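Subject: Structure handover and findings

Hello,

I am handing over the structure we discussed, with the sequence alongside. Please load it before reading on, as the notes refer to residues by name and number.

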Amino acid sequence: MLYHYTDFAAFDGIIRCAELRLNNILNMNDAAEMRLFMNGICKAVIEKLKQDGEPEKSHRVEAFFQNEMEEEFHYSAYAACFSKYRDDAAQWERYGHFGRGVCIAFREDLMQKMVGGAISLKEVYYQEDMGEHTLVDEFYKLIKESKNFSENLSGLQALMNDAWVQSAAFKHPSFANEREFRLVVSPFISNEFAIEPKYHVSVERIKKYYPLDLNRMCSKLNMHLPDLVSEIIIGPTSSQSLPILQDYLADCGLDVLSGRISMSDCPLRKPTS
């Protein structure tokens, strides 16, 4: 299972509206990770070129990466986050509205079948030294084999696009205890992604997101939303009434899910007022 910890407002959007919102990774608590990944790849490529006595090419690579990273927002991915951990205290506190929210368990095997094109389900990997990453060798070989830097700009741009996509599933090792998976879209792969963005307007700001229609995605596999959801866990400090949640699901036409509700066993302390 993949567990999605959230609040009840987002839960309503997922369950009643069958819409999963993918938010900009740059707005998440690990917003610097895409840049950390790209800087790590750049540094490793430069080191290999310098060791081969290619200072000119190493300077060109550094400038190329710097120009690309100035366009970071254009390349930013959008994601919904999941964990392999069920009823986990850290997940409740960070993502489950301090334990007052809810957790939805999704079947990983079905989600994997639902994705494709610019939408992917990625297991997050945690790494600090990027020297052994396969992209480093790919950048190095392309640059090393080129007589001059400009003759392979199209190939470099293709690799750069791939690097931005892969950066969406990278986090610093300090987050490794989350065992995170991400449902990711990379809108800059425009030929493969036709979903239009939407905007959430609050009193403080406007946020851009991409909505995934879960009913449509399920129908492609001849199934329905309840086939995808295996469990609903009420948070350890939530005041949610179980009978009311069951009535809510029944009125949404999702009676089958009312029998899949669990109460958290996590001994998370309620916040003091």
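Predicted model: local features only at pLDDT ≥ 70, side-chain atom pairs only at ≥ 80, totals over all residues.

Pockets

The largest pocket has a volume of about 1200 Å³. Its lining is made up of 36 residues, and those nearest the centre are Thr6, Asp7, Ala10, Asn23 and Lys207. Several elements each supply at least two lining residues: strand 1 (2-6), helix 1 (8-15), strand 2 (19-24), strand 3 (78-83), helix 5 (89-95) and strand 10 (206-213). Sorted by class, the lining of the largest pocket comprises 15 nonpolar, 12 polar and nine charged residues.

The second largest pocket holds about 370 Å³ of space. It is lined by 20 residues, with Ile119, Ile195, Arg216, Met217 and Lys220 the closest to its centre. Helix 6 (108-114), strand 10 and helix 9 (214-219) each give at least two residues to this lining. Strand 10 contributes the most, with three residues. The class counts for the second largest pocket are 12 nonpolar, two polar and six charged.

Salt bridges

A search of the whole structure gives 13 salt bridges.

Arg21 is bridged to Glu19, with 3.5 Å between the closest N and O atoms. Arg21 has a relative accessible area of 37%, so it is partly exposed.

Lys48 and Asp137 form a salt bridge through their side chains, at 3.6 Å from N to O. This pair connects distant parts of the chain, with Lys48 in helix 2 (residues 33-51) and Asp137 in helix 7 (residues 134-144), 89 residues apart.

Lys144 is partly exposed at 30% relative accessible area, and Asp52 is partly exposed at 36%.

Finally, Arg94, Lys171, Glu178, Glu180 and Arg182 belong to one network, joined by salt bridges that share partners.

Aromatic pairs

The structure has 10 aromatic pairs. In one of them, the ring centres of Phe64 and Phe65 are 6.4 Å apart and the planes stand at 85°, so the pair is edge-to-face. Both Phe64 and Phe65 are buried.

Phe65 also pairs with Phe139, and here the geometry is tilted, with 5.3 Å from centre to centre and 55° between the planes. Phe65 is in helix 3 and Phe139 is in helix 7, so this pair ties together parts that lie 74 residues apart in sequence. Relative accessibility is 1% for Phe65, which therefore counts as buried, and 0% for Phe139, which is buried too.

Elsewhere, ring pairs join Phe8, Phe11 and Tyr248 into a cluster.

A loop residue

Where does Ser186 lie? Ser186 is in the loop between strand 8 (180-185) and strand 9 (198-201). With a relative accessible area of 2%, Ser186 is buried, because the cut-off for that class is under 20%. Leaving aside residues up to four places away in sequence, Ser186 touches Ala77, Ala118 and Val165. Ala90 is 96 residues from Ser186 in sequence, and the C-alpha atoms of the two are 28 Å apart.

Regards

Definitions and conventions:
Residues numbered from 1 in each chain as written. Heavy atoms only, no water. Salt bridge = Lys/Arg side-chain N within 4 Å of Asp/Glu carboxyl O. Buried < 20%, exposed > 50% of the residue type's maximum accessible area, 1.4 Å probe, protein only. Helix = DSSP H or I, 4+ residues; strand = E, 2+ residues; numbered from the N terminus. Contact = heavy atoms within 4.5 Å. 1 Å grid on protein atoms, 1.4 Å probe; cavity = no way out; pocket = protein on both sides within 12 Å on 5 of 7 lines; lining within 4 Å. Points joined across faces, edges and corners; volume = space filled by probe spheres on them. Nonpolar A, V, L, I, M, F, W, Y, C, P; charged D, E, K, R; others polar. Phe/Tyr/Trp six-rings, centres within 6.5 Å; stacked < 30°, edge-to-face > 60°.
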